[in-house]
Amino acid sequence: MAKVTRRSFVTTVGAASVVPTAALLTATAPGAPADAATAAKTAMDAASGKPVYLFFNADEVLFIEAACERLIPADELGPGALGAAVPNYLDKQLGGAWGAGERLYRSGPWQPGTPSQGYQLPFTPGELFHTCLRAISRDLAASKTPFHEMPADNQDAYLKSLESGAHDLDGVPSGIFFDMLLKMSVEGFFSDPVYGGNRDMVAWRMIGFPGAYADYFDAIDHHGVKFVREPMSLAEDGKGHIHTRQDIPANL
Amino acid sequence: MNVLAGSIMILAMHCALAQAAPSAKPSGATPAAEAPAAPCEACHGAHGEGMAAAHVPRIAGQSAEYLKKQLDNYADGTRDSPIMTNFAKALSDKQRIKYAMLYASMPMPQSPQPKSLNAVQFARGHQLAFQGDERVRVQACNSCHGPDGVGVLHAAPYLAGQSADYIASALKSFQQGTRKNDAGELMRSVAKQLNDADVIAVSGYFAQVNLSTK
Amino acid sequence: MVQRLKEVDVVVIGVGMVGSIVAKELAAAGYKVVGLERGQTRFTVPEFQSPAIHDELRFDIRKAMMQDNTREPVTFRNQGSQVALPVRRWESFLPGTGLGGSMVHWNGQTYRFQANDFQLATRTRERYGKNFLDADLTIQDWGVTYDDLEPHYDRFEYLLGTSGKAGNIKGQIQPGGDPHESPRSRDYPTPPQKEHYSGAMFRKAASSLGYHPFPQPSSNLSQPYTNPEGMKLNACVFCGFCERYACEHYAKSVPQTVILPVLLANPNFELRTGCQVQRINLDSTKKHATGVTYIDAVGREFEQPASLVITSMFAINNVRMLLLSGIGTPYDPATGQGVVGRNYAYQTMSTVASFFDEDVHINPFMASGASGTLINDFAGDNFDHSGLGFIGGAFIGAVNTNGRPIQYHPVPPGTPNWGKGWKQAVVKHYNHTVMFSLHGSSVAQRQNYLDLDPTYRDAWGQPLLRMTFDFPQNDIKMAAHVTAKAVEIGKAMGAKQVAGNPRKGPYTVTQYQTTHNTGGSVMGDNPKTSVVNRYLQSWDVPNVFVIGASNYPQNASWNPTGTLGALTYWAIDALKNKYLKNPGRLVSA
């Protein structure tokens, strides 16, 4: 993933008008270089490039990108799943240790269980996605328009039918797949950009979460005052470059 | 319920800053940077570059909030410096805000200070900055001071490229308790765990951090 | 090939907070102590340092600090008639692993239980009559009183440096503290943490309704503190990465910051990590433990003989160790006979969300794990339960612990689960919502218990623990009652919309609630209804002591750690001054 300088965000934030007028604790722009606007634009263009998908095949990408963007759409508040590179996050997680069953107890015997007993399928997340996406592809083959070209309302209707569990996706109740897709999309939207989603920390900026660097000993006394600071990733260096690394292990 | 608006001076300053920030809507206000800077310039320089050899810190690009607080604290005695105390006491609150904003608006110097450490000292400085040391129960400086010590707004000043002598003297004043304006006494706690060699190592380390992209 | 090691005086299974304190005291008294920890060593530096530790995906979502569930999960069912299935991912509760145990990732909320809680059965009968309780509840007295434990609570709080404000010192009510608390001998070692905006709003509203708000006792410290062990701690900076994380600043009281360095410096103590204890070994009489058998990180099996065995694991793992070792009679819910696994209880957690206009800035990310503002007016037996049909209660508090957005993005009821409506609601409410935590008690019920699973096994081939649990009706009624009171506080704060979410059944392992699992090896005066006596000594095998929240006969309205610390020092007192001077039964059965 391309690197974006933190300084550029000063300009970007202002342009996106996400600094509310009530902001009192406000970000300053220490030493913003004169050519910040240009530098920012270049970096953003580079960052907005299509991800290189390693887990999803070309057909799967079309569905995943379209579906994620319906789950978290771009709107007047800011980018959605595509703008935040959520599909890239899904691709890297599903193609890595998490997709292979990290932190998942995988011994049988396998039984469906009750809703309160949670996930009980033998599939790893990676296997589950490939299995379900194949079944969805077959299911949708009958319709004249591929999912990614459907009008948004039709896309939503299909996603709702998945959510309700109406489909049998090669033995997987579609609600289980949908829940995992939605949960991981929210993760990709809001997690640290080190994992390849939440690109340029757009989701953090949208809600005002300041990120990984966090020391509010003095600030906490300012009751009711909006706190504004450029968000900071755990993976940024002193020059403001965010280094992505998707294989951080799920242990200490 | 926005109960504190306008009731705290530092917040008023932030309102002004919001208007001065390059991304804000045009306000017609005169940019703070055009104000004269007479009292600070003699030591801190016309561009806030400081005088490393004389323990005078760089203040260009340091946050206005931090600079204002230091001026207040020099005046109220929670930070001691014979020179700065007199200057700060002579300044009105408005003047403190003005000068804090002035130097905050200047570009933070990207160039490192001259190298002063041998390889062993550098390794120790790097260790304290990035990781800390369990043996003396000191956490990583960068936890609060940001990646490479670039500073974190509303939390901690930048250390990158700062005068090594200045950082060392600041740590000493925290150790001795003559500087006591740190949030939660955190810097006093940390500084007391460092020995003289640690102070030299970590001060020299941050001084030579190079943030220039060239 | 089992390798038999040289005998030691004491083996401690699990080096978390309990294990560290016990080992430290006994090693200092001159006994040779071995601590067996299944996880890895880890310290503030380098393992807990930020920014790497401030990773919500890794630590919140992926549960990076938790017991390795791929090797050692539990199985679960709501009812005995169902087939228990493995909890394949942790969600509802999060047992830790590694040096320092679960306390490394705790929030630091450090309470005492009230005098009433330790004599719950007796006092409930006295106040409400014999037939007040549902017939299938198995609540009972603890066998110790608050007065027994008070000096040990005090010692534990001073070990941690807990930041708080006393409400009752030796019977004198203290302004600003909790007037409902049982008398304490002195104030907290450090003053309360700063109050978050949400706490200030709560304080004002609760006061206006005649309640008694007070600052949450916090072991994320308000100021630097040096404890009686000589350990120096720093002030918490409100980073908002507390529970499920470790603290980078030496500001949260955990074994690494308050006692482990002292323990590890004592040559009488030896720490062995990566050691999975398989069982406590008994001699042919089954009345005497000879030591433990464990498998190390590379798969070698060892027998460690010891004169005294102390299990100091997370509550449910204590119970499993007793069951795997054949110590005590397993509980049978059909007959009500047996004790090991009996009286498993939990915590009945409800929430209330108060939604404000967008000019009310809450800044939820500025947070310590325990800097809330609370009332105890509806906790325990602090209100009259006559005619209510339940016992117990909950503290209600604005306990703002974080604003980490994958987990924390509150939306009002009726918001779509996804799409534009969801996204807009998330953005609209993220910084303008106050969440109350309603931390409810949990009664023991005949049908709720722990035993060994007949089917599923861990990575070493041993049966998993099987949990059979659903919320008792008593607690569902309690949650509804207290939630209604909390909603009134939300309204009094001036919220635009207040949404109460009282805990309802069935209990599910798919949703995080709390890691306050209690019971299963409960303490008491009667070996027919308890696993350990009042000194936490096994009734059946007197040279085994079991220390954990597994000792609680039922769970009270507060976080259990403070009481566990008090019980630990209480048991150490008995060990040092009674048992080790003359090994044998401390209470005749």
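**Helices, chains and contacts**

Modeller: Let's begin with helix α9 (residues 315–325) of chain C, which is mostly covered, as 10 of its 11 residues are buried. Keep in mind that this is a predicted model.

Biologist: Which residues of α9(C) are buried?

Modeller: To call a residue buried, we want 20 or more other C-beta atoms within 10 Å of its own. In α9(C), the residues that pass are C:Ala315, C:Ile316, C:Asn317, C:Asn318, C:Val319, C:Arg320, C:Met321, C:Leu322, C:Leu323 and C:Ser325.

Biologist: And which residue just after α9(C) takes a positive phi?

Modeller: Step just past the end of α9(C) and check the backbone there. The phi is about 70 degrees, and the residue is C:Gly326.

Biologist: What do the buried residues of helix α10 in chain C pack against?

Modeller: Helix α10 covers residues 420–429 of chain C, and its buried residues are C:Lys423, C:Val426, C:Val427 and C:His429. An α-helix has 3.6 residues a turn, so residues three or four places apart point the same way. The partners of the buried residues of α10(C) come from two chains: β15 (348–355) and β18 (433–440) of chain C, along with α8 of chain A.

Biologist: What share of the residues in chain C is buried?

Modeller: The C-alpha trace of chain C spans about 70 × 55 × 55 Å along its principal axes. Take contacts in chain C between residues at least 6 apart in sequence, and 75% of them join residues at least 24 apart. As for burial, the share of the 589 residues is 64%.

Biologist: Now chain A: in what order do its elements run from the N terminus on?

Modeller: Chain A has eight helices and two strands. Of its 252 residues, 50% are buried. Starting at the N terminus, the order is α-α-α-α-α-α-β-β-α-α.

Biologist: Are α4(A) and α7(A) roughly parallel or roughly perpendicular to each other?

Modeller: Helix α4 (residues 86–94) and helix α7 (residues 174–190) of chain A have axes 8 Å apart and pack at an angle of about 115 degrees. Angles from 65 to 115 degrees fall into one class. That is why α4(A) and α7(A) count as roughly perpendicular.

Biologist: Which residues in α7(A) does α4(A) meet?

Modeller: α4(A) passes α7(A) in a right-handed crossing. This contact has five nonpolar, three polar and no charged residues. On the α4(A) side we find A:Val86, A:Tyr89, A:Leu90 and A:Gln93, and in α7(A) they meet A:Met184, A:Ser185, A:Gly188 and A:Phe189.

Biologist: Which element gives the most to the side of chain A that touches chain C?

Modeller: That contact takes 55 residues from chain A and 65 residues from chain C. On the chain A side, the elements giving two or more residues are α3 (58–71), α7 and α8 (202–207). By class, this side has 32 nonpolar, 13 polar and 10 charged residues. The one giving the most, with four residues, is α7(A).

Biologist: How many residues of chain C are in contact with chain B?

Modeller: Chain B puts 15 residues into this contact. The chain C side divides into nine nonpolar, seven polar and three charged residues. The number from chain C is 19.

Biologist: Last one: is B:Ser116 buried or partly exposed?

Modeller: B:Ser116 lies in the loop between α5 (93–104) and α6 (119–130) of chain B. Leaving out residues up to four places away in sequence, B:Ser116 touches B:Ala164, B:Gly204 and B:Ala207. Being buried takes 20 or more other C-beta atoms within 10 Å. B:Ser116 has 17, so B:Ser116 is partly exposed.

Methods. Residues are numbered from 1 along each chain as its sequence is written. Chains are lettered from A and ligands numbered from 1 in the order in which they are written. This is a predicted model: local features need pLDDT of at least 70, side-chain atom pairs count only at pLDDT 80 or more; totals for chains, interfaces and linings use all residues. Axes are lines fitted to C-alpha atoms, for helices over the stretch in contact, and angles run from 0 to 180 degrees between N-to-C directions. Angles under 35 degrees count as roughly parallel, over 145 as roughly antiparallel, 65 to 115 as roughly perpendicular and the rest as oblique. A crossing is left-handed if the near helix is turned anticlockwise from the far one by less than a right angle, and right-handed if clockwise. Two residues are in contact if their C-beta atoms, placed from the backbone, lie within 7 Å. Ala, Val, Leu, Ile, Met, Phe, Trp, Tyr, Cys and Pro count as nonpolar, Asp, Glu, Lys and Arg as charged, and the others, Gly among them, as polar. A residue is buried if 20 or more other C-beta atoms lie within 10 Å of its own, exposed if 12 or fewer, and partly exposed in between; C-beta atoms are placed from the backbone.
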